[in-house]
Amino acid sequence: MIERASLEEREYILSNSIQSVNEGTTNPGIIREEKALEIVSSILERGGYHLVYRDGNEIAGWVLLGENTDYFTENKHGFIYDVFVFPKFRGKRYSKKLVEASIQNFKEQGYDEIRLNVYSSNFAKYIYKDIGFKELQTIMVYK
């Protein structure tokens with residue numbers, strides 16, 4: 001079952017945000033717990049919210065959703081900030097179900113565009129492409 005997180009569930013998610021945020025980076029373990037909480041809290045303070053996937057009575061995973069604005073056009077769009085499934089629940093297509101529920105949620109709110117950010121080396125990129133997401137831009141780095 002996928003539903004909007006309660007306040008109690010939100011606290012549980014925040015207490016596990018370090019694991020989620022670090023898995024979404026190119027260097028897991030690089031982000032400190034305080035920074036992970038700061039990142040997630042700032043999204044929540046701007047109206048963001050979590051949808052949770054429950055497997056029985058346990059939270060198996062979540063998505064963090066919110067609104068974002070295109071830097072160039074200033075058009076508003078739905079944004080999937082985070083997708084996370086606990087390791088013991090992986091391999092059951094819960095990530096895909098969470099993203100599909102996010103898309104439906106945003107459509108119901110009237111958004112005609114939904115975006116997310118994923119590192120090129122993240123295996124989840126293929127899940128997003130399978131759902132129908134297309135690459136929009138490429139960020140490059142030189143060190």
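Which strands and which helix each supply at least two residues of the lining of the largest pocket? In this predicted model, local features require a pLDDT of at least 70 and side-chain atom pairs count only at pLDDT 80 or more, whereas totals for chains, interfaces and linings use all residues. Residues are numbered from 1 along each chain as its sequence is written, and side-chain values use heavy atoms, with hydrogens and water left out.

The elements in question are strand 3, strand 4 (76-85), strand 5 (114-116) and helix 5. Helices (H or I, at least four residues) and strands (E, at least two) are DSSP runs, numbered from the N terminus. A pocket is defined on a 1 Å grid over the protein atoms alone, as an open set of points with protein on both sides within 12 Å along at least five of seven lines; a cavity is a set of points where a 1.4 Å probe fits but cannot get out, and lining residues have an atom within 4 Å of a point. The largest pocket has a volume of about 1,300 Å³, a volume being the space filled by probe spheres set on the points, which are joined across faces, edges and corners. Among the 35 residues that line this pocket, Leu116, Asn117, Val118, Gln137 and Ile139 are the closest to its centre. Helix 5 provides the largest share of the lining, four residues. By class, the lining comprises 15 nonpolar, eleven polar and nine charged residues (Ala, Val, Leu, Ile, Met, Phe, Trp, Tyr, Cys and Pro count as nonpolar, Asp, Glu, Lys and Arg as charged, and the others, Gly among them, as polar).

Helix 5 (residues 124-131) also packs with helix 4 (residues 94-108), at an angle of about 45 degrees and with the axes 10 Å apart. The two helices are therefore oblique to each other (angles under 35 degrees count as roughly parallel, over 145 as roughly antiparallel, 65 to 115 as roughly perpendicular and the rest as oblique). Axes are lines fitted to C-alpha atoms, for helices over the stretch in contact, and angles run from 0 to 180 degrees between N-to-C directions. The contact (heavy atoms within 4.5 Å) is made by Ser95, Lys96, Val99, Glu100 and Ile103 of helix 4 and by Ile127, Tyr128, Asp130 and Ile131 of helix 5.

The structure also holds one cavity of 30 Å³ or more. Helix 2 (17-23) gives the most to the lining of the largest cavity, with three residues.
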